[in-house]
Amino acid sequence: MKYGHFDDDAREYVITTPKTPLPWINYLGNQEFFSLISNTCGGYSFCKDAKLLRITRYRYNNIPYDNNGKYFYIKDGDTIWNPGWQPTKTTLDEYECRHGLGYSKFKGVKNGVEANVLTFVPMNDRCEVSRIRIKNTTSTAKELKLFSYVEWCLWNADDDERNFQRNLSTGEVEVIDSAIFHKTEYRERRNHFAVYSVNTKVDGFDTSRESFLGPYNGNDTPDVVTNGACTNSVASGWSPVAVHQINVTLAPGEEKSFVFVLGYIENDENDKWESHGVIKKDLAWEMLDRYKTDEQVDKAFDILVDYWKSLLSKYHVKSSNDKVDRMVNIWNQYQCMVTFNMSRSASYYESGIGRGMGFRDSCQDLLGFVHLIPDRARARIIDIASTQFQDGSAYHQYQPLTKKGNADIGSGFNDDPLWLIAGTSAYIRETGDDSILDEMVPFDNDESVATPLMNHLKRSFDYIVNHKGPHNLPLIGRADWNDCLNLNCFSAHPGESFQTFGPSEGPVAESVFIAGMFVKYGEEYAQLCELKGDKADAEYARCEVQKMYDAVLKDGWDGEWFIRAYDAYSHKVGSKECEEGQIFIEPQGFCVLAGIGVKEGLAKKAMDSVKEKLDTKYGIMILQPAYTKYHLELGEVSSYPPGYKENAGIFCHNNPWVSIAETVLGDGDRAFEIYKKTCPAYIEDISEIHCTEPYVYSQMVAGKDAKFFGQGKNSWLTGTAAWTFTNISQYILGIYPTLEGLSVNPCIPAEFGDFNITRVYRGVTYNIEIKNPNKVQKGVASLTVDGVEVAGNVIPFDDSKKTVNVIATMN
Ligand code: BGC
């Protein structure tokens with residue numbers, strides 16, 4: 001069942017009922033000011049950091065679901081309704097929500113009144129603009145009252161939901177005409193404030209939540225709206241809000257438009273007051289002036305739309321498969337931008353106060369983003385590397401505002417260092433800019449110990465070389481990619497964090513997955529050494545990679561598949577010898593995509609085992625058989641009920657690894673089959689089972705052991721976005737950036753047909769036509785570049801041309 005449809009021309013998903021199985025959300029903002037917005041106008045805004053600079057308040061884990069947002073109420077006689085349905089939930093005569101790229105549109109119709117809301121964050125501004133157009137479609141005049149409503153968050157979202165003994169006394173506002181300023185804590189340590197304003201004279205306002213709602217009322221029945229009159233309350237402590245009242249008279253057929261701006265302003269520390277106790281508002285007035293008229297709003301909106309159009313032109317496919325085209329050209333890349341911006345901080349499942357920017361997460365997010373805005377990827381690599389420790393290991397997360405490592409979340413995840421190599425290599429392959437390797441980068445934000453980035457990569461590499469266990473495989477530390485495989489933790493008491501409890505390192509527990517990563521990214525590191533002219537380091541790296549390869553074949557192979565790990569007793573994890581958890585997906589995918597066991601014939605066996613033991617109609621499960629009891633020596637992985645999360649859920653993130661592995665083996669049919677199973681556009685029809693948004697990936701889909709097999713959870717912020725884009729764009733469709741130039745080597749289903757790709761790479765536009773006359777799955781027989789046949793399948797990079805036409809013929 002569907003709850004809407006794709007509108008590919010508009011690049012929108014159109015939701016046609018507010019009653020989606022879960023809130024279906026969108027993200028507004030690209031740089032500093034961000035909003036989450038659901039299909040019923042729920043959500044919140046923040047600037048730069050969802051924990052430290054939260055602008056409006058949201059209530060996680062509350063009822064009704066999706067509680068609090070930025071609402072417009074329309075009072076038409078005794079009928080009170082919202083264009084986005086919530087919070088009054090008055091039945092609408094018509095409803096539509098269009099989530100687009102960086103904007104959302106809502107249409108609500110009730111009793112002949114049509115309201116259209118457009119909401120977006122303009123480029124390069126710290127505000128959200130919402131324009132509401134109200135039209136009287138009847139033949140009699142209408143006297144309406146329009147109310148806006150946002151609830152301020154007292155900045156630190158974590159403190160805001162805990163520290164009531166203080167916070168109920170700190171709230172402060174100022175009101176000047178239509179502009180409501182939120183200035184809590186401005187008097188002392190802050191120099192920022194927020195404003196909510198509208199481009200018309202108002203007929204009233206409220207800034208005290210109590211006055212607006214009335215005691216014991218929820219957002220669904222505010223007293224002020226019921227009574228049709230604001231009280232002009234000025235908040236003092238408690239919960240400040242911003243409400244505007246506009247009385248709207250509409251002749252038959254008449255439409256009126258109002259522009260609301262929610263802005264965030266930072267003043268100079270030394271120049272923050274207008275007069276004693278009165279905030280300086282010049283910057284706010286300037287901001288509001290930028291969005292005073294419909295023309296200004298249209299212009300800002302057009303700039304945003306054009307921005308996305310131009311970004312998405314960097315990789316564009318035209319095939320006979322509209323679902324692939326839609327995901328590749330629009331939604332997958334869009335999600336890559338969002339995961340790049342948010343990492344794992346703020347979604348409807350990440351509260352914005354727990355996790356921040358993940359070291360491994362952000363390095364992986366880069367993989368799907370770097371082609372869009374390489375400069376931002378470059379800056380991010382430096383930020384990430386700046387939190388690395390001197391021994392090459394890393395904080396697992398850092399805070400977006402301070403960019404400092406977050407000790408509360410822990411460290412010692414031994415895969416982390418290698419992801420830095422992965423991200424840096426992707427950046428250099430994309431841009432050719434190896435100057436990044438010479439950038440001086442601190443360790444743990446300490447500038448006094450800064451070294452060139454290349455040296456950070458060396459320490460990443462050496463960390464693995466110097467942390468091996470009894471089988472010469474990498475020690476796992478607290479965990480590897482699978483945060484829940486806690487082989488040194490031994491947590492027996494509730495409340496102990498699996499991520500921080502126990503020793504961060506044990507001398508025995510080893511990870512075959514990290515070994516696979518080391519083989520893959522060790523080789524990429526060796527190539528970077530060569531690029532820098534450091535032959536000796538390249539040779540040393542390749543020698544270490546070879547040792548690791550051999551170690552995996554010797555002690556990481558179980559007969560039919562790769563072992564997952566060795567635990568702290570040196571017992572196998574993910575082996576046929578185990579009672580539960582006999583086979584895991586991660587080493588199968590990563591070892592094979594790294595090329596391990598390909599020539600020995602083991603890779604094919606591993607893939608066959610995945611198909612036989614882990615595959616389902618909704619995707620490949622992370623392990624089987626599920627753990628049915630808690631294993632002290634394995635940790636969190638065995639804490640989940642069977643079928644959920646890391647305990648035999650379909651963890652979408654590593655499905656593309658297996659798909660890529662299949663392309664390494666040349667099986668395009670199977671690679672594509674795997675791609676399709678978790679691909680949102682392909683499962684749109686089962687939205688009532690899948691539940692999460694049909695335009696983005698979720699972290700997890702419940703596995704076959706779970707009661708709700710096929711149900712998605714934790715949508716949006718997942719490495720699945722970047723890895724799937726990498727898979728489809730670089731391996732299946734086959735346009736892979738190498739250090740020398742773009743390589744063209746698709747691996748597609750026999751029946752996929754011919755296709756074209758436009759790829760902007762290092763400033764050159766490549767129009768690539770791929771022909772497959774004999775329906776092969778892999779293999780490029782000839783490559784013609786601007787009419788000249790070239791050997792191999794790498795297009796030699798030549799920046800003297802702006803456009804290059806390529807024909808690749810498969811055979
Ligand atoms: C984390 C990833 C991790 C994955 C598997 C996600 O929630 O953000 O870093 O690799 O779970 O445990």
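With which side chain does the side chain of Glu 174 make a polar contact of 2.5 Å? In this predicted model, the partner is the side chain of Lys 281.

As for its setting, Glu 174 sits in strand 14, which runs over residues 173–176. With a relative accessibility of 11%, Glu 174 falls under the 20% cut-off, so it counts as buried. Leaving aside residues up to four places away in sequence, Glu 174 touches Ala 179, Ile 180, Phe 181 and Lys 183, along with Gly 277, Val 278, Ile 279 and Lys 281.

Zooming out to the whole protein chain, there are 20 helices and 43 strands. The radius of gyration comes out at 27 Å, close to the 28 Å that the globule rule gives for 811 residues, so the chain is as compact as a globular protein of that length. Its C-alpha trace spans about 80 × 60 × 55 Å along the principal axes.

Burial is worth a look at this scale too: 63% of the 811 residues count as buried. Among contacts with a separation of 6 or more, 68% come from residues 24 or more positions apart.

Notes:
Residues numbered from 1 in each chain as written. Predicted model: local features only at pLDDT ≥ 70, side-chain atom pairs only at ≥ 80, totals over all residues. Heavy atoms only, no water. Helix = DSSP H or I, 4+ residues; strand = E, 2+ residues; numbered from the N terminus. Rg over C-alpha atoms; globule rule 2.2 N^0.38 Å. Buried < 20%, exposed > 50% of the residue type's maximum accessible area, 1.4 Å probe, protein only. Contact = heavy atoms within 4.5 Å. Polar contact = N/O pair within 3.5 Å; in protein donor to acceptor, adjacent residues only side chain to side chain.
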